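The sequence and structure come first.

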Amino acid sequence: VLVQSADKLVTSGLWSCTAGKFQWVFSWDEFVHILDGEVVISEEGGETYTLNPGDFAHFPLGLKTKWHVPNFVKKAFPIRTLEPSTF
């Protein structure tokens, strides 16, 4: 976490991950900007997207996804939560 609003409903930071696969359900609205590496994200019952450096994406609250990080990925993010976050 790099910065957070006074009401703790908006948080921004950096996140990185090494190779792996996992499922993620978004419990907030998130925008991402891929800084390094690559990630393949599949929406449950929907599209599959490959994100690379320079790409932006939005993940709405409640979206169910599967993530595949082939080697490494680093992203910048702002998130908006419904309740104050405890990051």
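The sections below describe a predicted model, moving from the pocket to individual positions.

## Largest pocket

The largest pocket has a volume of about 210 Å³. Its lining is made up of Trp 15, Phe 22, Trp 24, Phe 26, Trp 28, Glu 30, Trp 67, Lys 75, Phe 77, Ile 79 and Phe 87. By residue class, nine of these are nonpolar, two are charged and none is polar.

Two strands, β2 (10-25) and β7 (64-80), each contribute at least two residues to the lining. The largest share is that of β7, with four residues.

## Salt bridges

The count of salt bridges comes to two. One of them joins the side chains of Lys 75 and Glu 30, with an N to O distance of 2.5 Å. Lys 75 sits in strand β7 and Glu 30 in strand β3, 45 residues apart, and the pair thus links distant parts of the chain. Both Lys 75 and Glu 30 are buried.

Is Asp 29 buried or exposed? Asp 29 has a relative accessible area of 15%, so it counts as buried; the cut-off for that class is under 20%.

Apart from residues up to four places away in sequence, Asp 29 touches His 58, Phe 59, Pro 60, Leu 61, Pro 78, Ile 79 and Arg 80. Ser 5 lies 24 residues from Asp 29 along the chain, and their C-alpha atoms are separated by 15 Å.

In soluble globular proteins, nonpolar side chains tend to be buried together. In this model, the largest nonpolar core holds 16 residues, and those that touch the most other members are Phe 26, Val 39, Ile 41, Leu 51, Phe 59, Trp 67 and Val 73. Strands β3, β4 (39-43), β6 (56-59) and β7 each supply at least two residues of this core. The largest share, five residues, comes from β7.

## Loop positions

Lys 8 is located in the loop between β1 (3-4) and β2. Its phi is near 60°, a positive value in a residue other than glycine. With a relative accessible area of 39%, Lys 8 is partly exposed.

Pro 53 occupies the loop between β5 (48-51) and β6, and is partly exposed at a relative accessible area of 49%. Which residues does Pro 53 contact, leaving aside its neighbours within four places in sequence? They are Ile 34, Leu 35, Asp 36 and Gly 37. Between Pro 53 and Thr 18, 35 residues apart in sequence, the C-alpha to C-alpha distance is 15 Å.

Lys 64 belongs to strand β7 and counts as partly exposed, at 42% relative accessibility. Neighbours within four places in sequence aside, Lys 64 is in contact with Trp 24, Val 25, Ser 42, Glu 43 and Glu 44. The C-alpha atoms of Lys 64 and Gly 46 are separated by 9.8 Å, the two residues being 18 residues apart along the chain.

Thr 86 is placed in the segment after β7. Thr 86 is exposed, with a relative accessible area of 82%. Phe 72 and Thr 86 are 14 residues apart in sequence and 26 Å apart in space, C-alpha to C-alpha.

Note on methods: Residues are numbered from 1 along each chain as its sequence is written. This is a predicted model: local features need pLDDT of at least 70, side-chain atom pairs count only at pLDDT 80 or more; totals for chains, interfaces and linings use all residues. Side-chain values use heavy atoms; hydrogens and water are left out. On a 1 Å grid over the protein atoms alone, a cavity is a set of points where a 1.4 Å probe fits but cannot get out, and a pocket is an open set with protein on both sides within 12 Å along at least five of seven lines; lining residues have an atom within 4 Å of a point. Grid points are joined across faces, edges and corners, and a volume is the space filled by probe spheres set on the points. Ala, Val, Leu, Ile, Met, Phe, Trp, Tyr, Cys and Pro count as nonpolar, Asp, Glu, Lys and Arg as charged, and the others, Gly among them, as polar. A salt bridge is a side-chain nitrogen of Lys or Arg within 4 Å of a carboxyl oxygen of Asp or Glu. Buried means under 20% relative accessible area, exposed over 50%, partly exposed in between (1.4 Å probe, protein chains only). A nonpolar core is a set of buried Ala, Val, Leu, Ile, Met, Phe, Trp, Tyr and Cys residues joined through side-chain atoms within 4.5 Å. Contact means heavy atoms within 4.5 Å.
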